[in-house]
Amino acid sequence: MPLAINTLKHNEKLYDQDKFKIVPPYLDLHESLIKAIEKDFRQLKSDMYSKYHLDIRKVSNNTYTINKEEREFSSEELREGTKNVIQSYMYGENMIEIEHKDISLETRYIPPDVDREDNR
């Protein structure tokens with residue numbers, strides 16, 4: 001879940017780079033996904049400590065300790081797990097309701113001036 005949250009937050013920054021022409025729907029989706037996953041992660045974290053007595057800590061990029069026992073995951077395993085979490089909230093068993101906000105569709109994309117000499 002933390003990797004999914006970080007991935008979504010990272011992807012959100014890409015919208016500021018003018019690569020998308022209609023940003024608001026994607027921002028609504030990302031914000032809703034992040035809120036839902038963060039909320040569920042807080043509950044999961046609480047349950048892990050109180051109900052299941054699990055102490056999970058990140059040691060390095062691919063290594064975690066689970067009750068002081070070290071476990072290493074491949075990049076592919078972490079990527080697949082992140083993808084599965086995001087998909088489950090987008091259209092799986094944890095599917096969310098997207099909060100739509102009234103965000104103006106101010107256009108950042110300005111089409112090239114067809115009359116300019118360098119566009120002929």
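## Helix 1 against helix 3

The axes of helix 1 (residues 2-14) and helix 3 (residues 75-91) approach each other within 8 Å and cross at roughly 80°. That angle makes helix 1 roughly perpendicular to helix 3; angles of 65 to 115 degrees count as roughly perpendicular, under 35 as roughly parallel, over 145 as roughly antiparallel and the rest as oblique. Axes are lines fitted to C-alpha atoms, for helices over the stretch in contact, with angles running from 0 to 180 degrees between N-to-C directions. Helices (H or I, at least four residues) and strands (E, at least two) are DSSP runs, numbered from the N terminus.

This is a predicted model, in which local features need pLDDT of at least 70 and side-chain atom pairs count only at pLDDT 80 or more, while totals for chains, interfaces and linings use all residues. Residues are numbered from 1 along each chain as its sequence is written, and side-chain values use heavy atoms, with hydrogens and water left out.

Which residues of helix 1 and helix 3 meet? L3, A4, T7 and L8 in helix 1 meet L78, T82, V85 and I86 in helix 3. By class, this contact has 6 nonpolar, 2 polar and no charged residues. Ala, Val, Leu, Ile, Met, Phe, Trp, Tyr, Cys and Pro count as nonpolar, Asp, Glu, Lys and Arg as charged, and the others, Gly among them, as polar.

## The nonpolar core

The largest nonpolar core has 12 residues: A4, I5, L8, L29, L33, I34, A36, I37, V85, I86, Y89 and I96. Such a core is a set of buried Ala, Val, Leu, Ile, Met, Phe, Trp, Tyr and Cys residues joined through side-chain atoms within 4.5 Å. Helix 1, helix 2 (24-50) and helix 3 each supply at least two residues of this core, and the largest share, 5 residues, comes from helix 2.

Leaving aside neighbours within four places in sequence, I37 is in contact (heavy atoms within 4.5 Å) with M1, A4, I5, L8, V85 and Y89.

An open sheet is formed by 3 strands in the order 1-2-3, with antiparallel pairing. Strand 1 (56-58) and strand 3 (69-72) are the edge strands, each pairing on one side only. The twist averages 30° from one strand to the next.

Strand 2 (residues 63-66) pairs with strand 3 in the antiparallel sense over 4 bridges; two strands pair if DSSP finds at least two bridges between them. Y64 has R71 in strand 3 as its bridge partner.

Apart from neighbours within four places in sequence, S88 is in contact with E93, N94 and M95.

Key: Buried means under 20% relative accessible area, exposed over 50%, partly exposed in between (1.4 Å probe, protein chains only).
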